[in-house]
Amino acid sequence: MNNDSEVATNSSEIATNDSEVATSNSEVASNNNEEESTTSPAIRASDAERDQTAAQLQHHYAVGRLTLPELEGRVAAAHEARTREQLDALMRDLPSEAERAASPTYEIDSRLLIILLCTSPPAALVYWLIYYIRERNL
């Protein structure tokens, strides 16, 4: 009977140890989840995002920022990209939309203004007014 009580005691100790291990495992799992959420796992890219990146790369090629081999390599990488982070890496060394959208500056052509003043003063006045209005609206 003494052996039975020792077995029962050992069994309860094992059960207690098992519950402690389970608690430890759940704490480790919750800590891992917290770490993953704070490091924000990579977000998967959609087909539309890949196409948009390819279009932006083609624009940068058209304005002379990329060579044809660079464009081809980056577009291929854009279509193979799985995450937004990979797409961002392809565009990292190129200016963003905000940087590209600088407002145009208009300069009056003084030679044209002089010619218009000599030949047709009303046309010169219209030319100057158009320039003045554009400058004020910018």
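Student: What covers the buried residues of H4?

Tutor: The cover of these residues includes H2 and helix H3 (68-80), where contact means heavy atoms within 4.5 Å. The model is predicted: local features need pLDDT of at least 70 and side-chain atom pairs count only at pLDDT 80 or more, while totals for chains, interfaces and linings use all residues. Residues are numbered from 1 along each chain as its sequence is written, and side-chain values use heavy atoms, with hydrogens and water left out.

Student: Which residues of helix H4 are called buried?

Tutor: In helix H4 (residues 84-91), they are Leu87, Leu90 and Met91. Buried means under 20% relative accessible area, exposed over 50%, and partly exposed in between (1.4 Å probe, protein chains only).

Student: How do you know that the buried residues of H4 line one face of the helix?

Tutor: Seen down the axis of H4, they fall within an arc of 95°, so one face of the helix is lined by them. The arc is taken from the directions that run from the helix axis to the C-beta atoms.

Student: What covers the buried residues of H3 in turn?

Tutor: H2 and H4 are included in that cover. The buried residues of H3 are Leu71, Arg74, Val75 and Ala78. They cover an arc of only 100° around the axis, which puts them on the same side of H3. The face turned away from that buried side carries the exposed residues Pro69 and Glu80.

Student: Why is the span of H3 said to agree with what its 13 residues should give?

Tutor: The expected span is 1.5 Å times one less than the number of residues in the helix. For the 13 residues of H3 this gives 18 Å, and the end C-alpha atoms are 18 Å apart, so the two values agree.

Student: How does the reach of helix H2 compare with the span expected at 1.5 Å a residue?

Tutor: Helix H2 (residues 47-62) has 16 residues, and from its first C-alpha to its last it reaches 23 Å, close to the expected 22 Å.

Student: Which residues are buried in H2, and what puts them on the same side of the helix?

Tutor: The buried residues of H2 are Glu49, Arg50, Thr53, Ala54, Leu57 and His60. Their arc around the axis is only 140°, which puts them on the same side of H2. Asp47, Ala48 and Ala62, on the other side, are exposed. Just after H2, Gly64 takes a positive phi of about 95°.

Student: What does the side chain of Glu49 reach?

Tutor: It reaches the backbone nitrogen of Ser46 at 2.7 Å. A polar contact is a pair of N or O atoms within 3.5 Å; within protein, one must be able to donate a hydrogen and the other to accept it, and residues adjacent in sequence count only if both atoms are side-chain atoms. Apart from neighbours within four places in sequence, Glu49 is in contact with Arg44, Arg84 and Leu87. Leu87 is one of the buried residues of H4.

Student: How do the axes of helix H6 and H7 lie where they cross?

Tutor: The axes of H6 (residues 110-119) and H7 come within 6 Å and cross at roughly 145°. Axes are lines fitted to C-alpha atoms, for helices over the stretch in contact, and angles run from 0 to 180 degrees between N-to-C directions.

Student: Which residues make the contact, and how do they divide into nonpolar, polar and charged?

Tutor: H6 contributes Leu112, Leu113, Leu116, Leu117 and Thr119, and H7 contributes Pro121, Ala123, Ala124, Tyr127 and Trp128. They divide into 9 nonpolar, 1 polar and no charged. Ala, Val, Leu, Ile, Met, Phe, Trp, Tyr, Cys and Pro count as nonpolar, Asp, Glu, Lys and Arg as charged, and the others, Gly among them, as polar.

Student: Is Ala124 buried or exposed?

Tutor: Ala124 has a relative accessible area of 2%, so it counts as buried. Beyond its neighbours within four places in sequence, Ala124 is in contact with Leu113, Leu116 and Leu117. The C-alpha atoms of Ala124 and Leu113 are separated by 5.7 Å.

Student: Why does Leu117 count as partly exposed?

Tutor: Its relative accessibility is 48%, and so Leu117 counts as partly exposed. Tyr131, in helix H7 (residues 121-137), also counts as partly exposed, at 25%.

Methods. Helix = DSSP H or I, 4+ residues; strand = E, 2+ residues; numbered from the N terminus.
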